[in-house]
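Subject: Structure handover

Hello,

Here is the structure I promised to pass on. Please open it alongside this note.

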Amino acid sequence: MKKILFTLFIISGFGLNAQIKDYDWRNMSREKRKEVINNLSPEERKTLLTQFRNNMVVDMLDVAPQDKAEFTAMYNEYLDNQNKIKSQFDSNFDPEKLTEEEAKVKLQQSFEMGQKLFDNRKKYAEKMQTVIPCQKVLKLFNSEAMMRDKMNEKRSHDGKNNNSRPKQSP
């Protein structure tokens with residue numbers, strides 16, 4: 001599930017093939033949507049999920065039609081940078097197995113990553129305000145937090161992840 005989210009936020013672009021564009025996703029049954037998505041290639045699936053995410057964000061923020069392309073490109077760039085920063089931190093470790101010195105290093109790395117994420121977010125908040133009002137930037141960041149919370153809630157209720165150790169986050 002986490003890989004799907006990362007993929008969803010990493011990949012950008014709108015180049016879907018004609019077959020994908022012909023589907024009426026809103027009126028399609030859940031089973032049919034699942035079947036169609038499962039039959040797509042991984043690259044088509046990534047592109048489709050990115051397009052769905054972008055459309056959802058643009059609709060939620062009610063971005064002006066003339067600003068949609070610029071905002072979408074900027075938002076995808078922001079997400080790409082956030083994911084690049086996150087990928088620099090290896091979160092696959094057991095804190096109980098680390099020595100005191102290793103734990104101090106990991107803790108410092110997590111603080112540094114958190115600061116880089118914060119700085120990137122601040123940079124793009126300023127850039128986005130050239131396209132959308134500050135209120136909408138704030139709404140975007142609030143919605144990201146809500147989506148993250150919902151995904152974490154769903155993951156905690158999902159029986160598949162009960163046996164795996166939760167990943168550490170800064």
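Below is what turned up, starting with the aromatic rings.

First, a caution: this is a predicted model.

Aromatic pairs

A search of the whole structure gives five aromatic pairs. Two of them are described here.

Start with Phe71 and Tyr75. Their ring centres are 5.9 Å apart, and their planes meet at 10°. Planes under 30 degrees apart count as stacked, so this pair is stacked. Both residues belong to helix 5, which covers residues 68–87. They are four residues apart, about one turn of the helix. In general, an α-helix has 3.6 residues a turn, so residues three or four places apart point the same way. Phe71 and Tyr75 are both buried.

Next, Tyr78 and Phe141. The ring centres are 5.7 Å apart here, with the planes at 50°. That angle makes the pair tilted. This pair links distant parts of the chain. Tyr78 is in helix 5, while Phe141 is in helix 7 (residues 134–157). The two are 63 residues apart. Are they buried or exposed? Tyr78 is buried, at a relative accessible area of 2%. Phe141 is buried as well, at 7%.

Phe71, Tyr75, Tyr78, Tyr124 and Phe141 make one aromatic cluster.

Charges over rings

Which residue lies over the face of Phe141? Arg121 does, at 4.1 Å from the ring centre. There is also Lys106, whose charged end sits over the ring of Phe89. The distance to that ring's centre is 5.0 Å.

Helix 5

Back to the helix that holds Phe71, Tyr75 and Tyr78. Helix 5 has 20 residues. At 1.5 Å a residue, helix 5 should span 28 Å. Its end C-alpha atoms are 28 Å apart, so the two values agree. Buried residues in helix 5 include Thr72, Met74, Asn76, Leu79 and Asp80. Gln82, Asn83 and Ile85 are also among them.

Helices 6 and 7

How do helix 6 and helix 7 pack? Helix 6 runs over residues 100–128. The angle between helix 6 and helix 7 is about 140°, and their axes are 9 Å apart. Only angles over 145 degrees count as roughly antiparallel. The two helices are therefore oblique to each other. Helix 6 passes helix 7 in a right-handed crossing.

Over to you.

Definitions and conventions: Residues are numbered from 1 along each chain as its sequence is written. This is a predicted model: local features need pLDDT of at least 70, side-chain atom pairs count only at pLDDT 80 or more; totals for chains, interfaces and linings use all residues. Side-chain values use heavy atoms; hydrogens and water are left out. Rings of Phe, Tyr and Trp (its six-membered ring) pair if their centres lie within 6.5 Å; planes under 30 degrees apart count as stacked, over 60 as edge-to-face and the rest as tilted. Buried means under 20% relative accessible area, exposed over 50%, partly exposed in between (1.4 Å probe, protein chains only). A charge sits over a ring if NZ of Lys or CZ of Arg is within 6 Å of the ring centre and within 35 degrees of the ring normal. The expected span of a helix is 1.5 Å times one less than its number of residues. Axes are lines fitted to C-alpha atoms, for helices over the stretch in contact, and angles run from 0 to 180 degrees between N-to-C directions. Angles under 35 degrees count as roughly parallel, over 145 as roughly antiparallel, 65 to 115 as roughly perpendicular and the rest as oblique. A crossing is left-handed if the near helix is turned anticlockwise from the far one by less than a right angle, and right-handed if clockwise.
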